[in-house]
Amino acid sequence: MGLLPFSMMLDSTISDTRYAEVAVYQAPLRRTFHYAIPDGWNVSIGQLVDVSFRTGRSQGIVIWIDDHSPVAHPKPLLGVLVDEPVVTPAQIALAQWLAAETASSLSACLWLMLPPGLAKRGDMQYTLIDETYSDHDDVTAALTELLRARGTLRAAQIDRVLPKSGWREHAQHLISRGVLRREAVLAAPDAHVQTIRLARLAIEASTLESAYETLTRSPKQASILRYLAAQSDPQVVSEVLAASDAGNDALNRLVEKGFVAVEEIEHLRDPLEGRQFTAGEIPILTAGQQAVWDRIRERLEIGAQADVFLLHGVTGSGKTEVYLRALELTLAQGRQAIVLVPEISLVPQTVQRFASRFPGRVAVIHSSLTDGEQYDTWRRARAGAFDVVVGARSALFTPLADVGLVIIDEEHDDSYKQSPPLPPPYYHAREAAIAMMQINHGHVILGSATPSVTTAYHARQGTIVHLKMPNRVLIPDTPTSAHLTGLPPVEIVDMRQELRAGNRSMFSRSLRHQLTATLQRGEQAMLFLNRRGSATFVLCRDCGYVARCPRCEMTLTYHQAGAALVCHSCGYTQPQSELCPNCGSQRIRYFGAGTATVEEAVIKEFAPARVLRWDRDTTQARGAHEQLLERFATGEADVLVGTQMIVKGLDLPRVTLVGVVLADTALGLPDYRSGERTFQLLTQAAGRAGRSNLPSQVIFQTYQPEHYAIQAASTHDYETFFEQELHYRRDLGYPPYRRLVRFSFRDTNALKAQQEAEHATELLRQHIKQHNMTVTDLIGPAPAFFGKMEDTYTWHLIVRTTDLTRLLTDLSVRNSWIIDVDPTSLL
């Protein structure tokens, strides 16, 4: 069915209904299915149900209930898996919008909104009926022996024991002969409530002495009793036993005697549990902040229209304080809010700012939390336990009751777009938030010092309210002393001239001089290079061999830690080699530099400087982002080396030098947004310096000093960059003037991937011609830039169009096609 009016969802009743329209989990078709509701069942819109689908069973979500079915004799629902609805009517409406906008199935969009542990695939279960059966065929014999030894197994379990053996064909033969029985099964969701056991005294304090007398021959029991007698509140059983050096047997005896009571209670897994957030003074707004806030407040107080604001403020201009004011007003109106940040590394700092202003009302959600923490946060949101959620992209789908405001900080960041190889839908959180607030009659604030070209274009066209904050704000001592300051100066160093001058170091003479001076003053520096590892490729100087990933054909990166060559695409790892595997030569050389190389060079050349490295390799452990930020912010290190993680939104007043080791890493890539990405990264990097009254300096090292993106970033000049980029996009027919759709085709056989791409191209040409789409054209097909990844070949083609709806309507699409609307990268 098409999009349902949100009001119809709210007004629907179930008293006389008989049929449920269901979105079936991972159904291969982009449609919904109707099921009969058994008599006496109380089924609601949004519930997770068990359904029969094709020859098996699957999960489904009820999106509508009616007393008519478009199909005769629909199958009945098999069960209700969760008593309460797992999605709200507003979320169903948003999922329908997502499905239409991204050419995805409704089920894929709905399951975005569920926490880990709820989704389960249906499976087939196999049981050996004839225990005496034997067969000379190897696969059949292995299958029957496995079932004889382990009993009934699911297909997924058999796959792990007999991979790529074709056992299903043999099983079908055995089923037809009555040797095996097969039945469809659907496992219950893994998500569950966690409980803890608490122990407390069950007797009056006045009777303790007489109780001790009965325990003279039971020292363990007496120890437990004394421990509990010293506590004012019930204690966790495991902690009681550890403190008393006793076991469960001793505790059980005390319970039997009536001296101690043990109860089991629910324990909510809250990642912020135990954290203390100290509220600071609320700063007085500058004139620029006040003018912007007045515009936003006026629209929020009216409340009827879903406004979208672009808060275009330079780095350090005080955008966060405007966010906080907007949140305060939204909460005062009895509504809730969502705050999105692009990187998990920014979550701790953002949570600190927002939780200190709204204590007890803020929650956090992102992919680094455990499944249990995400599940309990989802449950707490449904129960109304908090009003503000802070997190990365997925936090947008937190089931708060009445979201009135969504704030997207660093709105330009590509991490807000879900892209392949992740599963669909390939949505952008910015566009989804705008659609969500149109459904909820709420507002969206997009904040950035470097807005995406598309967002800035829409602001210029008037479809987004454009608010500018061109001045940096400093709050040196107290909230009453805020004043304006300038952005730090930027020096461009031409590394070609450094080479001509005989300097072959990764540090230019200027950067070395400035870093030395910064360390001598006891200040901090940040060095940015958007590449991990110690060397970006390994080459044999005799035969020209380059170490590549056998699964991806990408060059392997050398990591000195572990002495290994690693593929940054699929994770393939092989040991470092002393000899060339092709010719046996010892002339193996390592070229290029990554963050590990920079870290090593700083330690070697600037001793005794204390260095921290912040990249994906150093942030694998839970809580690593927060620990690194805390260590650097408290002065445990003098130099922070990192990838793009360190240039996004961090506020570190002691940093007076930012060095970009290589400013043009992305400029050589065949992607129309390479200039935009470079400008944004460099401008954001430069914005980490100068956040105090201390003089600051930024240095860009580059081999392309004349490039317009580098020149504009060096003067913090967004408008000049924007005008030049728009001119380039207009000439080439790229966004925002036309929209792009990327079709990708993958197969383990290179020829099949190519043939599918060519077949799709012909279908699209015919479709475009039939619909008379004269300003729509195709680029490709061609092998993707990353043509082989994880033993899978990829071909792609790009469609440029001004009418996305006509392009996607009635388009015959195969399930194997990967469709990415508005892709952030064409690589």
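F507 and F606 are both buried, where buried means under 20% relative accessible area, exposed over 50% and partly exposed in between, with a 1.4 Å probe and protein chains only. This is a predicted model, in which local features need pLDDT of at least 70, side-chain atom pairs count only at pLDDT 80 or more, and totals for chains, interfaces and linings use all residues. Residues are numbered from 1 along each chain as its sequence is written, and side-chain values use heavy atoms, with hydrogens and water left out.

Let's look at the rings themselves. Rings of Phe, Tyr and Trp (its six-membered ring) pair if their centres lie within 6.5 Å; planes under 30 degrees apart count as stacked, over 60 as edge-to-face and the rest as tilted. A search of the whole structure finds 16 aromatic pairs. In one of them, the ring centres of F507 and F606 are 5.8 Å apart and the planes lie at 75°, so this pair is edge-to-face. It links distant parts of the chain, 99 residues apart: F507 sits in the loop between α17 (495–500) and α18 (509–520), and F606 in the loop between α19 (595–605) and β28 (611–614). These helices (H or I, at least four residues) and strands (E, at least two) are DSSP runs, numbered from the N terminus.

Now compare Y718 and F722, a stacked pair with 5.7 Å from centre to centre and 15° between the planes. Both lie in helix α23 (residues 718–732), four residues apart, about one turn of the helix. Y718 is buried, and so is F722. Ring pairs also join these two with F679, Y708 and F721 in a cluster.

The axes of α4 (residues 138–150) and α6 (residues 167–176) come within 9 Å and cross at roughly 75°. Axes are lines fitted to C-alpha atoms, for helices over the stretch in contact, and angles run from 0 to 180 degrees between N-to-C directions. The two helices are therefore roughly perpendicular to each other (65 to 115 degrees; under 35 is roughly parallel, over 145 roughly antiparallel, the rest oblique). V139, T140, L143 and T144 in α4 meet W167, H170, A171 and L174 in α6, contact being heavy atoms within 4.5 Å.

Finally, turn to a sheet. Four strands form an open sheet in the order β33-β34-β32-β35, with antiparallel pairing; two strands pair if DSSP finds at least two bridges between them. The edge strands, β33 (777–789) and β35 (818–821), each pair on one side only. Strand β32 (residues 739–747) pairs with β35 over four bridges, and S744 stands opposite I818 in β35.
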